[in-house]
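Here are a few notes to read with the structure open beside you. Take the points in order and find each part as you go.

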Amino acid sequence: MGSLFRSEEMCLAQLYLQSEAAFACVSELGELGLAQFRDLNPNVNAFQRKFVNEVRRCDEMERKLRFLERELKKDKIPILDTGDDPVAPPPREMIGLEAKFEKLENEMKEVNTNQEALKRNFLELTELKHILRKTQSFFEEAAMYHGNQPSETNQAEEENLLVNDYAKTPYTKLGFVAGVILREKVPAFERVLWRACRGNVFLRHAEIETTFEDPHTGDTVNKCVFIIFFQGDQLKTRVKKICEGFRATLYPCPETPQERREIAIGVMTRIEDLQTVLNQTEDHRKIVLSQVALDIRVWFIKVRKIKAIYHTLNLFNVNIAEKCLIAECWCPVVEIDRIQFALRKGTELSGSSVPSIMQRMNTKEAPPTYNRTDKFTQGFQAIIDAFGIANYREVNPAPFTIITFPFLFAVMFGDIGHGILMFLFALYLVLSEKKYLAKRPENEIFEMMFDGRYLILLMGIFSMYTGFLYNECFSRSINVFGSAWNVNAMNYTNTTLQASGTLTLNPNVYGVFRGTPIMYPNGTGDPYPYGIDPIWQSAGNKISVQNSYKMKNAVIMGLLQMIFGLVLAFYNHRYNKDYLALFCEWIPQLIFLLCLIGYLCVLIFYKWAVWNVSNSNSAPSLLIGLINMFMFTKPTWAKKTQLYSNQNEVQITIVIIAILCVPWMLLTKPIILYLRNKAKMKQLVLHVDPIYNHDSTANMGTTRYAGVRVAVDETSDDVAILDHDHLDDPETASITPKDEEEKFDMSEVLIYQVIHTIEYCLSCISHTASYLRLWALSLAHSELSEVLWTMVMHSGLSVKGILGAFMSFLIFWGFAGLTVGILLVMEGLSAFLHALRLHWVEFQSKFYKGEGYLFTPFSFSLIVEGRVDE
Amino acid sequence: MIGAWITIGIVTLIWALIGGVGPFILPKGPNRGVYQTMIVLTAVCCWLHWFITYMSQLNPLMGPTLTRGEIYLMGWVW
């Protein structure tokens with residue numbers, strides 16, 4: 001069988017790495033991706049580990065890179081992705097990288113602050129420019145007022161005073177402030193000013209048309225220019241405080257028009273200069289960022305790899321005296337050569353003289369489960385792993401699930417048309433998988449469907465097959481071979497036909513059904529060769545006849561899958577050399593199942609073969625017969641409960657055998673375990689010496705080395721088997737094996753056995769009944785598609801004329817939408833779920849333990865893709 | 001009738017060929033075991049489903065109930 005039948009053989013290896021070579025070796029192992037390291041310092045705090053500083057440095061580098069990435073995104077510069085996979089640089093290059101990132105970060109920060117300051121400056125200058133322009137109009141207005149209406153209002157006078165007196169005499173009592181304020185705040189500003197200064201100030205404001213960009217936040221705001229006239233120092237302080245409160249910026253505004261003009265010209269030139277400087281800053285920033293964009297992806301990968309290596313190095317045991325690091329890892333046995341090669345390469349790269357050593361170790365701990373999958377089998381392994389990871393070297397149900405899962409799905413989904421649609425959809429996914437593998441789809445549901453594309457492909461193919469057998473294509477039958485039923489042979493007369501609306505064909509009449517009514521063993525019927533006869537499509541009693549067929553189909557398939565599960569359990573027992581379980585549990589389980597449901601299936605086939613329409617009056621019900629079998633009711637021909645001669649004797653034998661299996665399952669194993677334990681106890685009492693002696697002669701020729709036994713004369717290329725694995729405390733290694741075995745508790749064993757026996761016996765009935773969902777869902781599916789056709793499509797097709805053409809066109813959309821939505825998506829998901837449940841519960845409970853843990857190797861490809869957290 | 005035995009024989013032969021000979025003519029590759037399992041299981045499942053469908057129709061205990069219109073039509077066309 002392929003390697004998928006059982007999980008791969010794993011071994012625990014110990015690595016001795018020279019301190020200088022450690023980084024390079026771990027880097028090589030990370031590229032290889034075949035070793036899972038164990039944490040040898042579980043009691044050590046994360047902050048006390050040896051390489052915590054290096055990890056911190058890597059974190060800093062990552063932070064700087066993320067900052068640069070954010071800047072790139074802000075400017076929408078695309079990051080160059082060449083698909084390169086750089087190797088992790090050695091530790092001495094890390095300092096160079098750090099310096100480079102530091103420099104870049106500082107540069108970017110500087111550019112950003114400069115840009116902000118420049119923009120702020122620019123903003124102020126622009127505001128000043130607007131103020132100068134607007135206040136010009138205020139003063140001109142005041143001059144006009146003065147010219148036209150000499151002394152109309154108080155305001156005019158004030159302005160008058162302002163224009164004339166202020167210009168003439170520097171010692172005037174009127175002052176003014178000019179500034180800029182956000183447009184939204186102007187009404188409130190006015191109100192507060194009026195209230196606080198009791199109406200003794202005069203405010204004019206005008207809107208600025210252009211919008212400004214806030215340099216800090218980057219928002220666009222609208223601002224207004226305002227000018228406030230007041231008299232006296234007290235009002236001046238009050239006005240200034242209110243302006244501060246409203247965050248209005250005040251600008252010094254000259255009084256005379258000439259000064260204003262000069263300043264305006266100066267402001268314009270300064271604005272132009274600033275604009276050029278701003279543009280140059282922007283260009284410089286873009287140049288720096290585009291340089292960064294070329295390399296940033298490569299840097300990210302390098303930094304991530306370095307960080308991963310240091311995390312792994314933190315798991316190792318540091319032996320400062322010998323200047324070496326000790327690591328333990330799980331690896332597949334077949335890959336030991338490649339790992340040794342990687343170690344050698346790493347040692348060479350780092351230029352160290354001392355070679356790294358790798359040794360296999362014996363251990364009682366359970367290794368992780370490693371199933372080597374490719375893109376096709378990965379989907380199926382995933383649905384098995386979703387239930388539970390297989391125990392180490394347990395039979396893996398995945399290779400069988402590749403076919404049985406789509407097949408059971410198809411039994412519940414059988415329809416040629418829907419199968420074709422599903423097949424085409426999966427075909428599209430499979431053919432365009434390169435495109436989607438490069439750029440994973442963002443929609444999570446679509447991603448799930450993409451991951452299961454081969455699963456959906458097979459489900460579609462099998463659905464087409466079962467659809468062909470059920471003779472349903474969008475609920476319509478196809479007559480390929482010619483029906484086995486002949487209506488004309490019934491010789492209906494016109495009176496019979498006029499009398500009743502529906503008539504039932506009678507296969508007892510000669511010629512109605514091909515081949516009958518000649519009874520077995522002289523002859524049998526000659527039905528439609530492949531699939532359900534197309535006449536049943538139009539029959540009124542289709543459902544009741546098909547129910548019988550589909551229910552029996554479900555029971556037979558259920559029985560066969562359960563027997564298959566028991567066969568796999570046999571392989572498991574044999575591999576574990578658990579002959580006790582084989583004889584005391586497996587054989588009675590098999591016999592029990594066969595006696596009950598196996599006998600039922602035999603009866604199903606017998607009744608199909610032998611019973612004909614001519615003796616259909618006396619055809620007994622199989623289910624009642626089964627119940628009567630257990631109640632020891634004797635079947636008789638007279639009461640129409642007998643199927644074959646000597647049925648009573650056979651059934652009594654079968655029931656007695658089944659009943660005997662129960663105490664066999666229940667008692668034999670506990671009794672044998674009890675006797676074994678008694679014998680062992682007797683043996684232990686006689687023996688004085690403990691069985692495992694710490695200094696026994698078996699350990700000659702070895703020395704203790706850092707708590708581990710190592711062969712004395714050994715080269716670096718040898719793969720030797722050692723005694724203890726490093727996690728064992730050397731002090732407790734001298735204790736006798738009582739610690740390794742559980743203490744024998746008779747009551748526990750008995751209770752365990754009772755539970756399992758009851759569970760198994762009940763499951764024989766309940767799981768078989770559970771398989772009837774194969775019938776239930778296929779009935780639901782065929783009824784739904786029938787309803788969809790008759791109510792939706794048929795009503796469109798049955799309209800005559802041109803209107804019929806339009807109606808058909810429109811109604812087809814409804815039909816298509818409902819087919820895809822209800823039948824494909826909803827029914828598909830439903831059948832998927834039920835097929836999955838049948839596999840997980842009914843099939844796997846016969847043999848699968850599923851309590852292992854997954855092999856997660858230290859692999860850079862997994863880490864960089866982001867699939868594995870560190 | 002003999003027709004039934006011929007049909008059973010032919011179909012069983014086809015699936016036995018697929019399931020029995022197919023695994024041996026597969027090209028050698030790392031996944032050969034998986035493909036062999038797949039072919040055998042496919043043959044067994046498909047044959048089984050066909051066989052059950054066939055057997056259930058072999059000796060029908062009752063006939064289909066048809067409406068008048070269908071009877072007329074079938075008498076004509078079939």
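1. Let's start with a word we need: two residues are in contact here when their heavy atoms lie within 4.5 Å. Counted that way, chain A puts 70 residues into the contact with chain B, and chain B puts in 42 residues. Keep in mind that this is a predicted model.

2. How much area do chain A and chain B bury between them? It comes to about 5,100 Å², with 68% of that on carbon and sulfur atoms. On the side of chain A that touches chain B, you'll find 43 nonpolar, 24 polar and three charged residues.

3. Now for the polar side of things. Between chain A and chain B there are 19 residue pairs in polar contact, both residues having pLDDT 80 or more. The salt bridge count between these two chains, though, is zero.

4. The largest share, seven residues, comes from helix 10 of chain A.

5. Strands cross the boundary as well. Strand 12 of chain A and strand 1 (residues 65-67) of chain B run antiparallel and are joined by three bridges. To find the spot, look for Leu503(A), which stands opposite Leu66(B).

6. Chain B has a record worth checking. An unreviewed UniProt entry annotates residues 6-26 and 33-52 of chain B as "transmembrane region". In the model, residues 6-26 of chain B are 76% helix and 0% strand, with the end C-alpha atoms 30 Å apart. Residues 33-52 of chain B are 100% helix and 0% strand, and their end C-alpha atoms are 29 Å apart.

7. Back to salt bridges: over all chains, the count is 32. One of them joins the side chains of Glu8(A) and Arg372(A), at 2.9 Å from N to O. Glu8(A) sits in the segment before strand 1 of chain A and Arg372(A) in the loop between strand 11 and helix 9 of chain A, so this pair ties together parts 364 residues apart in sequence.

Note on methods
Residues numbered from 1 in each chain as written. Chains lettered and ligands numbered in written order. Heavy atoms only, no water. UniProt positions renumbered as here; feature names shortened; annotations may be inferred. Helix = DSSP H or I, 4+ residues; strand = E, 2+ residues; numbered from the N terminus. Buried area = accessible area lost by both parts, 1.4 Å probe. Salt bridge = Lys/Arg side-chain N within 4 Å of Asp/Glu carboxyl O. Polar contact = N/O pair within 3.5 Å; in protein donor to acceptor, adjacent residues only side chain to side chain. Nonpolar A, V, L, I, M, F, W, Y, C, P; charged D, E, K, R; others polar. Pairing = 2+ DSSP bridges.
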